[in-house]
Amino acid sequence: MRDNTLKYLLVLPAVFVVFATAIWPLIESLRLSFTVGRLNRPGSLDQYLGWENFTWAFSQEPAFWNSVWVTAIYTVLTVALTTLFALGLAMLLAPGGKFRSGVQTLLILPFAMSPALIGVSFRFMFNPEFGLFDAFFGVMIPPLADVSWLADPVLAFAVCVMADVWGWIPFLTLVLIGGLASVPQDTIEAAQVDGASGWRVFKDVTLPQLAPVLAVVIILKSIFSLKTFDQIFMLTNGGPGTATQTLSHYIYFNGMKYGQIGYAASVAWLMVIPMIFLTYAYAKFVFRKD
Amino acid sequence: MTGKQKKQITSAIQTILILIAIFIMLVPILWIFMAAFKSHVDVYQLKLFFTPTFENFGLVFDAPYYLGDKLLNSTIIAFVTVLFAIPIATMAAYSFSRFRLRGETAMLVVILATQFVPAVVIILPFFVMFRDVGLLDTRLGLILVNLAIVMPFAIWMIKGFIDGIPMDTEEAAMVDGSSRIQVILNIVLPMAAPGLLTAGIFCFIIAWNEFLFALILTNKDAVTLPIGLALFKAEEGDLWNLLSAAGIIIMLPMFVLALIIRKYFVQGMTMGAVR
Amino acid sequence: MAEVSLKNLTKRWGDFIGVDNQSLEIHDREFLVLLGPSGCGKTTTMRMIAGLEDPTDGEIWIGDRMVNDDLPKDRDVAMVFQNYGLYPHMTIFDNIAYPLRVRGTPKSEIEPRVKKAAEQVELTEFLHRKPKALSGGQRQRVALARAIVRTPKVFLMDEPLSNLDAKLRVTMRAELKHLSRALKITTIYVTHDQIEAMTLADRVAVMKNGIIQQLGTPDEIYNDPANLFVAGFIGSPAMNLINGSVQDGHFVTTGGTKLVPVSAPDRPDVVLGVRADDMRVSEEGQGGIDVRIYAFENTGEATLLTVQWGKQRVIAKGDRHLRKDQDDMVSITLDPDHLYLFDPETGNRIKS
C-alpha cells in the first residue's frame with residue numbers, strides 16, 4: 001500500500017474516537033444548552049428555549065455568580081501558591097545528587113494519588129474530633145483545638161485550596177526542575193564570574209530563561225484549577241452552604257441532582273470559553289518554533 | 001564569615017527546608033496509612049502508637065461494602081480502556097510523527113484541546129444518550145467515556161516517543177527491503193515498546209483515578225473504587241478506618257505503577273510543551 | 001550491477017529548490033562521490049536514488065529500469081547512513097541478516113552469508129552483541145556489513161565516516177577503499193569532506209545550490225577547477241583568490257602591484273587563484289615580491305605563512321625548517337605554470 005493512503009488510514013480510528021468521545025458531546029452540550037432540557041420530562045431535551053438558560057444564569061441565579069467567584073478566587077489562589085511553592089522546591093531540588101533525586105522520586109506519589117482520595121484524606125485530617133490537626137493543635141495551640149474547620153465558610157475554602165496546592169506542588173515541581181535543567185549552566189556560571197549575587201543570578205539569568213516553562217506551568221495549572229471537582233466533592237461537597245461550590249460542582253448539581261440538564265449544559269459552555277483561550281495559549285507553546 | 005562557612009550554612013538550611021517539604025508531602029499519605037491499620041477504637045482515640053491490625057482490609061471486602069466488586073470493575077475498566085487506546089493512539093501517533101498530513105496541525109491542536117474540555121461538559125450528553133441506549137451503570141459505558149480523557153494523552157505521548165526514534169533506522173529498513181507495514185511491525189514497535197508501556201501505564205492511572213464520569217454514570221453494578229469511597233459514610237459519620245483501608249487499595253497500585261514510569265511522568269502530563 | 005542515470009532531476013519544497021534540473025550518468029562499477037557543503041543537494045540527490053524522497057521532476061534510472069515509482073525496497077540498492085541506522089533491538093547478526101530475511105532468503109543461506117560479510121569487515125567476534133555495546137567504528141562496520149551482505153545493484157553511502165573521530169576516519173577510509181575495489185559494485189558516496197572525495201572517488205561531482213558545478217576525476221577537479229567555487233572548495237588550505245586586473249599580459253593587484261605574467265587578454269576585473277603549494281617562499285629581496293608576515297604557523301610537516309598582500313591576506317606554504325616571526329619580511333614567488341584566472345562576475349574560469 002502506498003504511504004499516501006496508509007497515512008490517512010492510520011489516523012482514522014483515532015480521529016473517529018476523539019470525535020465521538022469529545023467533539024460530539026461538546027456540540028451536543030451546546031445544543032442542549034438552548035433547550036428546556038429537564039431529565040424527568042420526556043421531549044424537553046428537544047424543546048427549543050433560545051437564550052433563556054443563559055439569561056437565567058446571569059440574572060436570576062446568585063448561586064451561579066457565587067460559583068463563578070468561588071472558582072475564580074480558587075483558581076487564582078491555587079495557581080499562585082502552587083507555582084510559588086513549586087518554584088522554591090524546584091530550586092532546592094534542582095542541583096541533583098542522591099538525596100535530592102530520591103526526594104524527586106518521592107514527589108511522584110502525591111501526584112499518582114487520585115484527587116478524590118486527596119479530598120478524603122484532607123477531610124479526615126481536618127476532622128474536628130479525631131483529625132490530625134485537632135490532635136496537633138490540641139497539644140501546641142489549645143485555642144485552635146476543636147475548631148470545626150470544614151463548617152466555617154472561610155476555613156473550609158482555605159482547606160480546599162490547601163488540598164489542591166498539596167496535590168499539585170509535586171507535579172509542578174518536577175516540570176520546573178526539568179525547566180531549570182534546560183537553562184544552560186554556563187550562562188549561570190558566567191553571571192557568577194561577573195560578580196552577581198545568588199539572588200541577582202536567579203532574577204537576571206535563571207528566571208528569564210525559565211519564563212517559557214513557567215508560562216506553560218501556569219497555563220496548565222489554571223486549566224486544571226478551573227475544572228476542579230473531585231477533591232471538592234469529597235472534601236466539602238461544596239459546603240458549608242455553597243462556600244466552596246466551584247463551577248464544575250454547580251453544573252453537576254444542577255444537571256444531575258436537579259435534572260436541569262439544559263441549564264447545566266449552558267453553564268458548562270460558559271465554562272468552556274475561558275478554556276478556549278487557555279488552550280490556545282497552551283497550543284502556542286506546544287507548536288512554537290525553536 | 002568565610003565563603004566556606006557561608007556555603008555550609010546555606011547547604012544546611014536547604015537540607016532542613018527539603019526535609020520539611022518531605023514531611024508535608026508525606027503526612028496526608030502516612031495519615032491514611034496509619035488509620036488503615038488501626039482498629040476501630042484506635043482511630044477515634046487518636047493514638048500515634050497502636051497495635052497494627054489487618055482487620056479493616058478484611059471488612060471492606062465483606063458485606064455490606066463488597067469492595068472486591070469495585071476493585072474488579074476498576075481493574076477491568078482501566079485495563080480495557082488502555083487496551084483500546086494504545087493501539088489506536090500508536091497508529092495515529094506514527095502517522096503524525098512520520099508523515100505530513102493535510103490538516104495535520106489542526107488535528108493535533110483539536111486532540112490537544114480535547115484534553116482540556118471540562119469533564120462535566122462531556123458527561124451531560126453522554127448521560128442522556130446512555131440512559132436511552134441502556135449503557136448507564138455498565139462497564140462498557142465507562143470505558144467509552146474514559147477514552148475521551150485517555151486518547152489525547154496517549155496520542156501525544158506516543159508521538160513524542162516515536163519522534164525520538166531516528167529516521168535513519170526506519171529508512172535503513174526500507175532500503176533493506178521492508179514495506180512500510182514491515183517497518184512498523186519489525187522496527188518501530190520493538191523500538192517504541194518502552195514508550196508504549198509507559199503510555200499504557202499512564203493511561204491506566206488516569207482511568208483508574210477517574211471520578212466524575214463514574215460518579216454520574218454508575219450507581220450499583222459498575223461502581224469503581226473512587227466512587228466506592230462514598231460507601232463508608234454511615235449514619236454516625238465517616239468510617240475512617242475502612243475509608244483509609246479502601247484508600248490504600250486505590251493508591252498503592254498506582255504508586256507502584258507511577259514509580260515504574262517516573263522518568264516519563266512529567267513528559268506525559270505536559271505533552272511536549274516542556275522540554 | 002548497473003549504471004545509474006539521472007535525467008533532469010529536480011526536487012523542490014515549496015519555493016526552496018533542493019536539486020535543480022540535474023542530469024548525471026554514473027557508470028557501471030564506478031565509485032562516484034557527490035561533494036559539496038551542507039545544503040547543496042547532494043544528500044537529497046542520493047535519497048531520491050534510494051527512493052526515500054520523491055523527485056519533483058525528472059527521471060531516475062537504475063540499469064535499464066526507470067525506478068521513479070518503485071518503493072525503496074524494490075530498487076535493489078543498499079545504503080549506509082550517516083548515523084548508521086542500526087536496529088538497536090537486534091543483535092549484530094540479526095542486523096546484518098535483516099535485508100536477507102525480509103527478502104525471504106532461505107534460512108540455510110543466511111548464516112554463511114552473514115558470516116562472510118562479518119568477516120569482510122572484521123566483526124566476526126561481535127555477532128551476538130547489540131549495537132549499543134559497540135564502539136562508533138564497529139557500528140560503522142555493521143552498517144557496511146549490512147550493505148554488502150547482499151549483492152545490490154548500487155551502494156549508496158551518506159557521509160558514512162562523518163561521525164567517527166579523525167584518526168578512525170583515516171583508517172576506515174582505507175578499509176572502505178579496499179572493500180570497494182574488491183566488490184566492484186557501482187557506488188554513490190556523499191560527503192562534504194574533500195579528502196574523502198579525492199581519495200575514494202573514480203569521479204567527483206562537486207555540487208552547490210542544487211547544481212553540479214563540475215564533474216571529473218579527482219585530478220581534474222584539483223588541477224583544473226571549472227569555477228571559483230570548485231577552486232575554493234577543493235584543497236587545504238583553500239586556494240588563495242586575489243582580486244585584480246590583467247594589464248599588458250600581467251596580473252596586477254587592486255593595490256597596483258604588478259605580480260606575475262599571465263597568458264590572458266587584458267581585462268579590468270579578474271580573480272587570480274593560486275594554491276599555497278604553488279608559491280615559493282624565500283628571504284626578503286630574493287627575486288619575488290616582498291611582503292610582511294601577518295602570522296607564522298608551524299604544522300610540523302610544513303610551515304604556513306599568512307602574509308599581508310595589499311588589502312588581502314594570502315597563505316603560502318614554506319619549508320618545514322623555515323623559522324620566521326610575525327612582522328618579518330619574506331619574498332614570495334608565484335609559479336606561473338599553476339595559476340588560475342576567474343571571472344569575478346560569473347565565477348567561471350578564464351582559459352587562455
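User: How are α7(B) and α9(B) oriented to each other, roughly parallel or roughly antiparallel?

Analyst: In this predicted model, helix α7 (residues 139-163) of chain B packs against helix α9 (residues 180-209) of chain B at an angle of about 150°, and their axes lie 9 Å apart. Angles over 145 degrees count as roughly antiparallel. The two helices, α7(B) and α9(B), are therefore roughly antiparallel.

User: Which elements of chain C each supply at least two residues of the side that touches chain B?

Analyst: The contact between these chains involves 20 residues of chain C and 15 residues of chain B. On the side of chain C that touches chain B, the residues divide into 14 nonpolar, three polar and three charged. The elements that each supply at least two residues of that side are β6 (77-80) and α2 (92-102) of chain C.

User: How many residues does the contact take from domain 1 of chain C and from domain 2 of chain C?

Analyst: Chain C is divided into domain 1 (4-233) and domain 2 (240-350), and the C-alpha centres of these domains lie 39 Å apart. On the side of domain 1 that touches domain 2, the residues divide into five nonpolar, two polar and no charged. The contact takes seven residues from domain 1 of chain C and, from domain 2 of chain C, eight residues.

Note on methods:
Residues are numbered from 1 along each chain as its sequence is written. Chains are lettered from A and ligands numbered from 1 in the order in which they are written. This is a predicted model: local features need pLDDT of at least 70, side-chain atom pairs count only at pLDDT 80 or more; totals for chains, interfaces and linings use all residues. Axes are lines fitted to C-alpha atoms, for helices over the stretch in contact, and angles run from 0 to 180 degrees between N-to-C directions. Helices (H or I, at least four residues) and strands (E, at least two) are DSSP runs, numbered from the N terminus. Angles under 35 degrees count as roughly parallel, over 145 as roughly antiparallel, 65 to 115 as roughly perpendicular and the rest as oblique. Two residues are in contact if their C-beta atoms, placed from the backbone, lie within 7 Å. Ala, Val, Leu, Ile, Met, Phe, Trp, Tyr, Cys and Pro count as nonpolar, Asp, Glu, Lys and Arg as charged, and the others, Gly among them, as polar. Domain bounds come from an automatic or database domain assignment.
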